[in-house]
Amino acid sequence: MEEKIMTRHPHDKKGVNIHKRKYDLMSQAILGALSTQTSLTHKDLLEAVEDHLQEQFDGSIPWYMETVKLDLEARDKIVRLTDRKPAEYALV
């Protein structure tokens, strides 16, 4: 049986249980994309993650990216820059 992780939500909403392997792949892709730029919009972040994972990820990349992105926000690894329109994300 594959190991799972319970994700967190930055606004204290309920997280979801996902496979740790998928979480690890997605978090590495998100953090990797953000490490190459000062900040990225949601659209640009999704495009970078899709480009990185398209051949090696089984599942909905947009859904998993949103779930893991929220978890990374809750764990203070990334931050949503709300003073910008559209909102952008950056490493903490």
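User: In which strand is the place of glutamate 88?

Analyst: This is a predicted model, in which local features need pLDDT of at least 70 and side-chain atom pairs count only at pLDDT 80 or more, while totals for chains, interfaces and linings use all residues. Residues are numbered from 1 along each chain as its sequence is written, and side-chain values use heavy atoms, with hydrogens and water left out. Helices (DSSP runs of H or I with at least four residues) and strands (runs of E with at least two) are numbered from the N terminus, and the strand that holds glutamate 88 is β5.

User: Is glutamate 88 buried or exposed?

Analyst: A residue counts as buried under 20% relative accessible area, as exposed over 50%, and as partly exposed in between, with a 1.4 Å probe and protein chains only. Leaving aside residues up to four places away in sequence, glutamate 88 touches Ser39, Leu40, Thr41, Val79, Arg80 and Leu81, where contact means heavy atoms within 4.5 Å. Its relative accessible area is 17%, so glutamate 88 is buried.

User: Which residue in β5 is the bridge partner of leucine 81?

Analyst: Two strands pair if DSSP finds at least two bridges between them, and β4 and β5 pair in the antiparallel sense over four bridges. These two strands form a hairpin with six residues between them, and within it isoleucine 78 stands opposite leucine 91. Leucine 81 has as its bridge partner in β5 glutamate 88.

User: Which strands stand at the edges of the sheet, each with a single partner strand?

Analyst: The sheet is open and has three strands, in the order β3-β5-β4 with antiparallel pairing. With a single partner strand each, the edge strands have one side left without a neighbour in the sheet, and they are β3 (40–41) and β4.

User: About what angle does the direction of α3 make with that of β4?

Analyst: Axes are lines fitted to C-alpha atoms, for helices over the stretch in contact, and angles between N-to-C directions run from 0 to 180 degrees. Helix α3 packs on the sheet, where it touches β4 and β5, and its direction makes with that of β4 an angle of about 100°.

User: How many of the 14 residues of α3 are buried?

Analyst: The buried residues of α3 are Ile61, Tyr64, Met65, Thr67, Val68, Lys69, Leu70, Asp71, Leu72 and Glu73. What covers them includes β1 (4–6), β2 (17–19), α1 (20–35), α2 (42–53), β4 (78–81) and β5 (88–91). Helix α3 is therefore largely enclosed by the rest of the structure, and the number of its 14 residues that are buried is ten.

User: How far apart are the end C-alpha atoms of helix α3?

Analyst: The expected span of a helix is 1.5 Å times one less than its number of residues. For the 14 residues of α3 (residues 61–74) this gives 20 Å, and the model agrees, because the end C-alpha atoms are apart by 20 Å.

User: At roughly what angle do the axes of α1 and α3 cross?

Analyst: In this contact, Lys22, Tyr23, Met26, Ser27, Ile30 and Leu31 of α1 meet Ile61, Tyr64, Met65, Val68, Lys69, Asp71 and Leu72 of α3. Angles under 35 degrees count as roughly parallel, over 145 as roughly antiparallel, 65 to 115 as roughly perpendicular and the rest as oblique. By that scale α1 and α3 are roughly perpendicular to each other; their axes come within 9 Å and cross at roughly 75°.

User: At roughly what angle do the axes of α1 and α2 cross?

Analyst: On the α1 side Leu25, Met26, Ala29, Ile30, Ala33 and Leu34 take part, and they meet Leu45, Ala48, Val49, His52 and Leu53 in α2. The two axes come within 9 Å and cross at roughly 125°. That angle makes α1 oblique to α2, and the angle asked for is roughly 125°.

User: Near what value is the phi of aspartate 76?

Analyst: Most residues other than glycine have a negative phi. Aspartate 76 is found in the loop between α3 and β4, and with 58% relative accessibility it counts as exposed. Its phi is positive although it is a residue other than glycine, and lies near 60°.

User: In which loop is aspartate 12 found?

Analyst: Aspartate 12 is another residue other than glycine with a positive phi, near 55°. It is exposed, with a relative accessible area of 78%, and it is found in the loop between β1 and β2.
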